[in-house]
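Open the model in your viewer and keep the selection tool ready. We will go from stop to stop.

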Amino acid sequence: MTDFKYGDPVFLNGKAYWSWISKPNVQFDPCYSLSLEMSEKKLKKFEELGYRIKDSKILIRKRAFSTETKPPLVFDKNGNELGGVPLLGNGSEVSVRAIPCEAKNKFGLFKSLILDAVMIKKLVRIKTKNKFYETGVSKWTYFIFMIVQR
């Protein structure tokens, strides 16, 4: 049995990489996520607290347990909620509201941050001519779609 413990929300600023905030990434474990690059001082603090840091970034995610799971809230820099969520290009400047979570089971104690909301401060657009990819469909899905259409 796994015991969960949730903390008070934290607000983190940095650059987003490999973002999935409009649709869940279903490649492995379906989830909304982004990797946040922050100052080295902040990353070191999170690492000391037991959070996993990889490639100078911390992964913040929200599992999509079912189709009922709602995506994280997304706001523009003025605080207006965005209806149509843009795809975040790598290096987009964001402010993230995340909920600390500790899970304890027979394998040990695990710490993570749950993605709750994202404020886009400076959007880096994804440059592509693939209209499917611009709407959140991966290149592989587009490739498979084109094969099936033949």
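Contact here means heavy atoms within 4.5 Å. This is a predicted model: local features need pLDDT of at least 70, side-chain atom pairs count only at pLDDT 80 or more, and totals for chains, interfaces and linings use all residues. Residues are numbered from 1 along each chain as its sequence is written, and side-chain values use heavy atoms, with hydrogens and water left out.

**Stop 1: serine 35**

Select serine 35. It lies in strand S3. Helices (H or I, at least four residues) and strands (E, at least two) are DSSP runs, numbered from the N terminus. Is serine 35 buried or exposed? Serine 35 is buried, because its relative accessible area is 15% and buried means under 20% (exposed is over 50%, partly exposed in between; 1.4 Å probe, protein chains only). Now show what serine 35 touches. Leaving out residues up to four places away in sequence, its contacts are Lys15, Ala16, Tyr17, Trp18, Lys57, Ile58 and Leu59.

**Stop 2: the strands**

Colour S2 (residues 10-25) and S3 (residues 31-37). They pair antiparallel over five bridges. Two strands pair if DSSP finds at least two bridges between them. Look for alanine 16: its bridge partner in S3 is leucine 36. Five residues separate S2 and S3 in a hairpin.

Seven bridges join S7 to S2, and the two run antiparallel. Find lysine 15, whose bridge partner in S7 is glutamate 93.

Now bring in S1 (residues 3-6). S1 pairs with S7 in the antiparallel sense, over four bridges. Phenylalanine 4 faces alanine 103 of S7 as its opposite. S7 and S8 pair antiparallel over 13 bridges. Their hairpin has two residues between the strands.

**Stop 3: the nonpolar core**

Select Leu34, Leu36, Ile58, Ile60, Val96, Leu113 and Leu115. These have the most contacts inside the largest nonpolar core, which has 22 residues. A nonpolar core is a set of buried Ala, Val, Leu, Ile, Met, Phe, Trp, Tyr and Cys residues joined through side-chain atoms within 4.5 Å. Two or more residues each come from S2, S3, helix H1 (40-48), S5, S7 and strand S8 (108-122). S8 gives the largest share, four residues. Centre on leucine 34. Beyond four places in sequence, its contacts include Trp18, Ile21, Ile60, Val96, Leu115 and Val118.

**Stop 4: threonine 69**

Go to the loop between strand S5 (57-63) and strand S6 (73-75); threonine 69 is there. Threonine 69 is buried, at 19% relative accessible area. Apart from neighbours within four places in sequence, threonine 69 is in contact with Tyr32, Lys62, Arg63 and Ala64.

**Stop 5: the cysteines**

Pick cysteine 31, which is buried at 7% relative accessibility. Then pick cysteine 101, buried at 6%. How many disulfides does a search of the whole structure find? It finds zero. A disulfide is a pair of cysteine sulfur atoms within 2.5 Å.

**Stop 6: confidence**

Finish by colouring by pLDDT, the predictor's confidence in each residue, from 0 to 100. The chain's mean pLDDT is 83, and 81% of its residues reach 70 or more. Select residues 132-137: pLDDT stays under 50 there, and the model has 18 contacts for them beyond four places in sequence. Residues 142-146 are also below 50, with four contacts beyond near neighbours in sequence. Where pLDDT is low, the predicted coordinates should not be read in detail.
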